[in-house]
Amino acid sequence: MIAVTPQLSIPEQEFRFRASRSSGPGGQNVNKVNTRVTLHFDVRRSPSLTDAQKSLIGRKLQTRINKEGVLYLHAQRAASQAMNRADLVDKFCRLLREALAPRKIRKKARISQRSIEKRLEQKKQRGRVKQLRHQALRGDD
């Protein structure tokens, strides 16, 4: 069982892990050892998630989920398959926690009386500067 949140745990049978060759630098090891790990998690068919959770995850992680509803994640940072797998599980839990976190309700900011007065004073000052320029131009004609 992988604990995503205190209320949500997902059994490991719902995950499919696949190992493949890592890309990038690394010498001979990269060419012959399968250290990159890919996680496949079927969001749509998961019995551990409620319908509300499935739709929320589908909306927030839509760029990572394919048309069949499978979430794909990769890890290839470490030189060993076991470390990449552990890293991948952590990444999966973090992504699901962020996707399932309730959205903060935005509170409308109240504009203070002082800031209103300050803005109006700046506008008046700017108008006086323009008025003085206008008078200076007229006086030079």
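Mentor: Helices are DSSP runs of H or I with at least four residues, strands are DSSP runs of E with at least two, and both are numbered from the N terminus. The structure is a predicted model, in which local features need pLDDT of at least 70, side-chain atom pairs count only at pLDDT 80 or more, and totals for chains, interfaces and linings use all residues. Residues are numbered from 1 along each chain as its sequence is written, while side-chain values use heavy atoms, with hydrogens and water left out.

Trainee: How many helices and strands does the protein chain have, and in what order do the elements run?

Mentor: The protein chain has four helices and five strands. Starting at the N terminus, the order is β-β-β-α-β-α-β-α-α.

Trainee: Where is E14 placed, and what makes E14 count as buried?

Mentor: E14 is in the loop between β2 (9-10) and β3 (15-20). Buried means under 20% relative accessible area, exposed over 50%, and partly exposed in between (1.4 Å probe, protein chains only). E14 has a relative accessible area of 17% and is therefore buried. Across the protein chain, buried residues make up 28% of the 141 residues.

Trainee: Which residues is E14 in contact with, leaving aside neighbours within four places in sequence?

Mentor: Contact means heavy atoms within 4.5 Å. With those neighbours left aside, E14 is in contact with H40, F41, D42, S46, P47 and S48.

Trainee: Why is H40 called buried?

Mentor: H40 has 7% relative accessibility and therefore counts as buried. This residue belongs to strand β4. Apart from its neighbours within four places in sequence, H40 is in contact with E14, F15, R16, R18, V70, L71 and Y72.

Trainee: How do you know that R45 forms a salt bridge with D42?

Mentor: A salt bridge is a side-chain nitrogen of Lys or Arg within 4 Å of a carboxyl oxygen of Asp or Glu. The closest N and O atoms of R45 and D42 are 2.9 Å apart, so the pair meets that cut-off. Side chains of opposite charge can pair when their charged atoms come close. As for the two partners, R45 is exposed because its relative accessible area is 65%, whereas D42 is buried because its relative accessibility is 18%.

Trainee: Which residues have the most contacts inside the largest nonpolar core?

Mentor: A nonpolar core is a set of buried Ala, Val, Leu, Ile, Met, Phe, Trp, Tyr and Cys residues joined through side-chain atoms within 4.5 Å. The largest such core has 24 residues, and those with the most contacts inside it are I10, F41, I57, L61, L71, F92 and L96. The elements giving two or more residues to this core are β4 (36-42), β5 (70-75) and α3 (81-100). Helix α3 gives the most, with eight residues. L61, not counting residues up to four places away in sequence, touches L71, L95, L96 and A99.

Trainee: Why is α2 described as roughly perpendicular to α3?

Mentor: The axes, which are lines fitted to C-alpha atoms over the stretch in contact, are compared by an angle from 0 to 180 degrees between N-to-C directions. The axes of α2 (residues 51-60) and α3 come within 9 Å and cross at roughly 105°. Angles under 35 degrees count as roughly parallel, over 145 as roughly antiparallel, 65 to 115 as roughly perpendicular and the rest as oblique; α2 is therefore roughly perpendicular to α3. The contact is made by Q53, L56, I57 and K60 of α2 and by L96, E98, A99 and L100 of α3.

Trainee: Why is K91 called partly exposed?

Mentor: K91 has a relative accessible area of 23%, and is therefore partly exposed. K91 lies in helix α3 and touches R64 and H74, not counting residues up to four places away in sequence.
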